[in-house]
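Welcome, and thanks for opening the viewer. Keep the selection tool at hand, and we will walk through the model one stop at a time.

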Amino acid sequence: MTEITAHTPGAAHRMEWTQERIAAYWDWWTRREIAADEYFARQVGEVVAGLLDEAVPLSGRSVLDFGCGPGHLIPHLLDAGASVSAADASQGAIEEVLGRF
């Protein structure tokens, strides 16, 4: 459990980041209409997969996309020949990945 002190104008409070709160945050993030364009992997996933493939050829390898979100990196890893497993704290994101692949 990570504890963070959040500072807002005129107030500060402590928040404990439990697994449930982390999952709830990412479920909320995934459902936002504009969220899709803000994912790092959606913006540069092809480049990331290409760099990984140059450093360690991905063909025939197993890759874990930990914190996969809705799976924007997965197709690029699959295109490089990797077998991909995915994990995320957000059940909504996992459901989206399962629906896409």
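## First stop: a helix and its rings

Select Trp26, which has its place in helix α1. Helices (H or I, at least four residues) and strands (E, at least two) are DSSP runs, numbered from the N terminus. Before going further, a word on what you are looking at: this is a predicted model, in which local features need pLDDT of at least 70 and side-chain atom pairs count only at pLDDT 80 or more, while totals for chains, interfaces and linings use all residues. Residues are numbered from 1 along each chain as its sequence is written, and side-chain values use heavy atoms, with hydrogens and water left out.

Is Trp26 buried, exposed or partly exposed? Trp26 is partly exposed, because its relative accessible area is 34%; buried means under 20%, exposed over 50%, and partly exposed in between (1.4 Å probe, protein chains only).

Together with Trp26 they form a nonpolar patch on the surface, with about 300 Å² of accessible area. Such patches are made of residues with over 30% relative accessible area and no salt bridge, where like charges are joined within 9 Å and nonpolar side chains (Val, Leu, Ile, Met, Phe, Trp, Tyr) within 5 Å. A salt bridge is a side-chain nitrogen of Lys or Arg within 4 Å of a carboxyl oxygen of Asp or Glu. The areas come from the Shrake-Rupley method with a 1.4 Å probe, and for residues only the protein chains shown count as cover.

## Second stop: the ring pairs

How many aromatic pairs does a search of the whole structure find? The search finds three. One of them joins Trp17 and Tyr25 edge-to-face, at 6.4 Å centre to centre and 90° between the planes. Another edge-to-face pair is Tyr25 with Trp26, at 5.0 Å centre to centre and 80° between the planes. For rings of Phe, Tyr and Trp (its six-membered ring), a pair needs centres within 6.5 Å; planes under 30 degrees apart count as stacked, over 60 as edge-to-face and the rest as tilted.

Select Trp17, Tyr25, Trp26 and Trp28 at once: ring pairs link these four into a cluster. Trp17 is partly exposed at 25% relative accessible area, and Tyr25 is partly exposed at 32%.

Show residues 19-31, the 13 residues of helix α1. At 1.5 Å a residue they should span 18 Å, and the end C-alpha atoms are 18 Å apart, which agrees. The expected span is 1.5 Å times one less than the number of residues.

Colour Ala23, Asp27, Trp29 and Thr30, the buried residues of α1. They cover an arc of only 165° around the axis, so they sit on the same side of α1. The arc is that of the directions from the helix axis to the C-beta atoms.

## Fourth stop: the whole protein

Zoom out to see five helices and four strands. Along the sequence they follow the pattern β-β-α-α-α-β-α-β-α. Of the 101 residues in the protein, 25% are buried.

## Last stop: β3 to the chain end

Pick Val63 in strand β3, a residue that counts as buried at 17% relative accessibility. The C-alpha atoms of Val63 and Ser85 are separated by 6.2 Å, although these residues are 22 residues apart along the chain.

Move on to Cys68, in the loop between β3 (62-66) and α4 (74-79). Cys68 is buried, with a relative accessible area of 7%. From its C-alpha atom to that of Ala89, 21 residues apart along the chain, the separation is 9.0 Å.

Next, select Ala93, Ile94 and Val97, which are buried in α5. Seen down the axis of α5, its buried residues fall within an arc of 100°, so they line one face of the helix. Turn to the other side of α5 for Leu98 and Gly99, which are exposed.

Finish at Phe101, in the segment after α5 (91-100). Phe101 counts as partly exposed at 47% relative accessibility. Phe101 and Gly71 are 30 residues apart in sequence and 9.0 Å apart in space, C-alpha to C-alpha.
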